[in-house]
Amino acid sequence: MTIAFPKPDQAVLARRREIIEGLGRLVASEALIVSEDERRAFETDGLTAYRQMPLAVVLPSTTEEVSAVMRFCHENGVKVVPRGAGTSLCGGAIPQEDAIVLGVAKMNRVIDVSFEGRTARVQAGITNLGISQAVANEGFFYAPDPSSQLACTIAGNIAMNSGGAHCLKYGVTTNNLLGVTLVMLDGTVVEIGGEHLDAAGYDILGLVCGSEGQLGVVTEAVVRILRAAEGARPALFGFERVEDAGACVAAIIGAGIIPVALEYMDKPAIQICEAFAHAGYPLDVEAMLIVEVEGSDQEIDDMLRRIVAIAEPFRPKTMKVSQSEAESAAIWKGRKSAFGATGRVADYICMDGTIPTGQLPYVLNRIDEIVKSYGLGVANVFHAGDGNLHPLVMFNTNVPGEMEKAEKAGEDILRLCVEVGGCLTGEHGVGIEKRDLMTHQFNPVDLEQQMRVRGVFDPRWLLNPAKVFPLEGRFAA
Amino acid sequence: MTTHTPRDEQDASIIIRDAADKGTLLNVAGNGTKAPMGRPNQTDASISSAALSGITLYEPAELVISARSGTPVPEVMRVLAAKGQELPFELMDYRWLLGTKGEPTIGAVAAMNISGPRRIMAGAARDSLIGVRFVNGRGEVVKSGGRVMKNVTGLDLVKLMAGSWGTLGFLTEVTFKVLPKQERMATLVIRDLDDRQAIEALSQALGSPFDVTGAAHIPARNRSGGSTLIRLEGFRVSVDYRMNELKRLLKRFRFMDILEGVGAEALWQSVRDATLLTDQGNRAIWRISTAPTKGTDLVAQVAQSLDAQWFYDWGGGLVWISTPVEGDAGASVLREATRSYGGHATLVRAPAEVRSTLDVFEPQTDALMTLTRGIKASFDPAGILNPGRMYAGV
């Protein structure tokens, strides 16, 4: 528990009753949550070690209500913590005592789908998977697929610029987003982008995407929808050495092949996931790759033949091409349940750095050393095509001090990612978790430029203010 | 007029800091191949990236390349091609349209968010741009993003720099994600469709699982019939398969050919560079991005009151239109059309006297303009970098 929150504003806490009355005039009574019991459901997100009870929770149903609530908070100097489904792994949606939570989860309708234009306009509280389900009848889908896609909202995806296992081919949220309705803190509703490609003027859409709820609240979004491939099939490759797996990835890409997914798991991750999913993972290898290709059977066969030929010189101990839908599903179940399966055997924190892929063997060895030096264990899953690493640092909450050790090990790992030319976070966001590490990636001038831009949208630091930027050295304009 | 050609970032920082102190307005440039675009602006001096040249990092296995901003685009392409790779977004070459000479720079590719026909599949420059270094209007050296393609650390200033036309900062280094060059390209050409039929065919192809990487329609003109182009790229086996499927899908259209090789490449280049519109003398040329389903209606409305020539890219979502250069070069008609149908129109080519009297870029709503001005001030408080190039007062 090493991450600090700013001291709550006592003046705001003292006005709690008045603030709640004010909010009550703006939204229906069922949209305003004030009792302690009900507020407790909102006190944390996916970073459950940290909890803060919000002043109140508001769950509006329309853009107009969001605008009214924001204007009220602006006029009354009340902080706002925007929230989608609360699945953030970096504490992006964790409240503050002197802030209200503004949740968009009730706004979950599909507004309009154009299959001809390949776009969907949705309310921002719809789940990621909900969009794909709404367009699946015509064989379409929404491409970015974070592991939490069943629960997470598109609002949260936009806030974090979420990725997923298939972004090597399809890109991340920012590459699939065409427009948003953004409610500014003063209540102004701004339409950015639309059903067309590329913005007029500055790419404010690109700036909003990944801004972690610090610039405004997104209430509607226009996303690209794509026709799904005819089929997809994964193959498993097990290697005796980490270096061989890394070199195999480089060779596949060097041969001009961009698989739709290219996932790496190390030995502990393989064992944990296999025990949970019974996916047929090889238990006697140090590293495993899941390589998935898409297309017709004919295209898939051709592509997998090429990939197998490329992999052979690296002496894979296991090579297994999925033979059925059920096998494919099991292979993915294992990988996608990596976090949940790890949670069955230990407490863990999930890190999310990105590294240049050529640094993989070095970084994995160093991660092992770092974690061992704290007396802990680690399982690594990794989007190998794009260098996005997810070390799961395991610990036991019941052993005093272990969680702090895990946090320290995690910080060392992220510093390592930056040292080798990578970054602190590839897809989870900074939130509170990586806030105090930002100075390792950015110098004061870099951060000041970001804060100046932030100040254009929220000069008083009322929007999700405990996040992203170190608490020291903040300024607005 | 003085032209500064800084040899490194520190040099650029000193020049810009000095300009900010003195209120010297700077024209931000590369090699000037896109100089006749945007709003003509009055500046006191010029700062060029011409001397900031060279590739600083290239890791083919990591699909990443970094280059100093003044590196000529052909050099970047050559280095990538040697490893069988390319910039994914098929960047347009503006020289033919604008009649300029010299080599475009990689910095301008980022600064103008350039793209081409493959935009529909692979995104624009902004989608491949993963890192920038630049000097802001205070003379400070700032970095954003980096060399890894998945990176959500902090505000994405990379996106803001893409398409900001040098008004927010002087780029010194850019880093792009790259992709393997495809083994084979084949184009299905459907003849003699009118605009609506053509966009319908393109929508159907783009809504298929066959990964279309180019979807354009060139309407009938003079004695030549219309051509509707659908492009596939990839490994040979895959392109063969998908082309057969595509033909089956579109079998109700009778006149179909398959085009490959040099002729097909030249055709796509003429779509990419909009040279299809340059044989008509000195007319104004506009580029309109709209919903693919709205392109034909938008054009129909425009053609009612303007002597216009046009073609479509991006499955109908990108319309290139030439208009008579007289008066407002068709601006009021086109802007009425973008207001009705959504999207935005940019005046790409017109004489300076025309560009100085009207909005070259789509006018923004008050709310967006307020943000635009605020963002400009947050990078360049003295307003010295390319002032007015995009919008008056920005």
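**Exercise 1. Find which residues V393(A) touches, leaving out those up to four places away in sequence.**

Step 1. V393(A) is in contact with Y348(A), I349(A), M351(A), V371(A), L376(A), V378(A), A406(A), A409(A) and G410(A). Two residues are in contact if their C-beta atoms, placed from the backbone, lie within 7 Å.

Step 2. This is a predicted model, in which local features need pLDDT of at least 70, side-chain atom pairs count only at pLDDT 80 or more, and totals for chains, interfaces and linings use all residues. Residues are numbered from 1 along each chain as its sequence is written, while chains are lettered from A and ligands numbered from 1 in the order in which they are written.

Step 3. V393(A) also belongs to the largest nonpolar core, which has 269 residues. Such a core is a set of buried Ala, Val, Leu, Ile, Met, Phe, Trp, Tyr and Cys residues joined through C-beta atoms within 7 Å. I100(A), V223(A), L289(A) and V393(A) touch the most other members. Helix α9 (residues 242-254) of chain A gives the most to this core, with seven residues. Helices (H or I, at least four residues) and strands (E, at least two) are DSSP runs, numbered from the N terminus.

**Exercise 2. Describe the overall build of chain A and chain B.**

Step 1. Chain A has 17 helices and 18 strands, and chain B has 14 helices and 18 strands.

Step 2. The C-alpha trace of chain A spans about 70 × 55 × 45 Å along its principal axes; that of chain B spans about 65 × 50 × 35 Å.

Step 3. A compact globule of 477 residues would have a radius of gyration near 23 Å, and chain A agrees with 23 Å.

Step 4. In chain A, 58% of the residues are buried; in chain B, 56% are. A residue is buried if 20 or more other C-beta atoms lie within 10 Å of its own, exposed if 12 or fewer, and partly exposed in between, with C-beta atoms placed from the backbone.

Step 5. Take the contacts with a separation of 6 or more. Residues 24 or more positions apart account for 73% of these in chain A and for 72% in chain B.

**Exercise 3. How many residues of chain B are in contact with chain A, and which element of chain B gives the most?**

Step 1. The contact joins 68 residues of chain B to 74 residues of chain A.

Step 2. Several elements of chain B each supply at least two residues of this side, including α6 (125-128), β8 (141-145), α8 (195-206) and α14 (366-379). α14(B) gives the most, with seven residues.

Step 3. By class, the side of chain B that touches chain A has 29 nonpolar, 27 polar and twelve charged residues. Ala, Val, Leu, Ile, Met, Phe, Trp, Tyr, Cys and Pro count as nonpolar, Asp, Glu, Lys and Arg as charged, and the others, Gly among them, as polar.

Step 4. The predictor gives the complex an ipTM of 0.97 and a pTM of 0.97.

**Exercise 4. Is I204(A) buried or exposed, and what does I204(A) touch?**

Step 1. I204(A) lies in helix α8 (residues 204-208) of chain A.

Step 2. I204(A) counts as buried because 25 C-beta neighbours lie inside 10 Å.

Step 3. Not counting residues up to four places away in sequence, I204(A) touches I192(A) and A199(A), as well as L368(B) and L371(B).

Step 4. The C-alpha atoms of I204(A) and G455(A), 251 residues apart along the chain, are separated by 14 Å.

Conventions
The radius of gyration is taken over C-alpha atoms; the globule rule is 2.2 Å times the number of residues to the power 0.38.
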